[in-house]
Amino acid sequence: MTALETVQQYYEAFNAKNWKGMLALLHPEVRHEANQGDVRVGLDKFTAFLQKMDEAYEETLTNMVFFTESQDKRVAVEFVVNGIYKQAEEGLPEAHGQSYVLPAGAFLEVTDGKISRVTTYYNLPLWIELVSKP
């Protein structure tokens with residue numbers, strides 16, 4: 001499977017809420033660089049992150065555009081996050097089922113057929129504005 005196919009399967013699993021399928025595509029020492037906060041390394045930390053995200057957010061990604069490079073190791077993807085904010089996180093606005101539509105992007109690296117790095121970017125101030133509207 002190419003790096004592109006691996007990353008496409010990863011996001012298909014995300015949209016299907018197939019967490020086991022997502023985790024199966026990750027390298028044991030996956031490096032997760034989230035938009036805000038600390039870098040997480042390893043499947044255990046990524047799994048804990050996924051559980052927290054599943055509790056707080058209901059998200060589907062649309063308008064996905066994938067970009068690859070000639071070495072078949074890195075993939076970038078641009079997408080729109082369509083979400084519902086279900087449970088507040090510390091330091092963020094109160095959650096009461098607000099919906100949001102937010103552009104985002106990610107950079108992924110594939111090593112030995114598994115995703116070894118996931119770096120995600122989005123506009124946090126815009127997200128806060130979207131979920132803070134009455």
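Predicted model: local features only at pLDDT ≥ 70, side-chain atom pairs only at ≥ 80, totals over all residues.
Visitor: How do you know that the span of helix α3 agrees with its number of residues?

Guide: Helices (H or I, at least four residues) and strands (E, at least two) are DSSP runs, numbered from the N terminus. The expected span of a helix is 1.5 Å times one less than its number of residues. For the 14 residues of α3 (residues 43-56) this gives 20 Å, and the end C-alpha atoms are 20 Å apart, so the two agree.

Visitor: Which residues of α3 are called buried, and why are they placed on the same side?

Guide: Phe46, Phe49, Leu50 and Ala56 are buried, a term that means under 20% relative accessible area, with exposed over 50% and partly exposed in between (1.4 Å probe, protein chains only). They cover an arc of only 135° around the axis, and therefore lie on the same side of α3; the arc is that of the directions from the helix axis to the C-beta atoms. The elements that cover these residues include α1 (3-15), α2 (19-24) and β1 (26-33).

Visitor: What makes the buried residues of α1 a single face?

Guide: Those residues are Ala3, Thr6, Val7, Tyr10, Tyr11, Ala13 and Phe14. Seen down the axis of α1, they fall within an arc of 155°, so they line one face of the helix.

Visitor: Which members of the largest nonpolar core touch the most other members?

Guide: A nonpolar core is a set of buried Ala, Val, Leu, Ile, Met, Phe, Trp, Tyr and Cys residues joined through side-chain atoms within 4.5 Å. Of the 33 residues in the largest one, Tyr10, Tyr11 and Leu108 touch the most other members. Leaving aside neighbours within four places in sequence, Leu108 is in contact (heavy atoms within 4.5 Å) with residues including Val7, Tyr10, Tyr11 and Ile115.

Visitor: Why is His96 called exposed?

Guide: His96 has 56% relative accessibility, and therefore counts as exposed. His96 lies in the loop between β4 and β5, and its C-alpha atom is separated by 6.1 Å from that of Lys86, 10 residues apart along the chain.

Visitor: Why does Lys114 count as partly exposed?

Guide: Its relative accessibility is 31%, so Lys114 counts as partly exposed. Lys114 lies in strand β6 and touches Ala24, Leu25, Leu26, His27 and Glu109, not counting residues up to four places away in sequence.

Definitions and conventions
Residues numbered from 1 in each chain as written. Heavy atoms only, no water.
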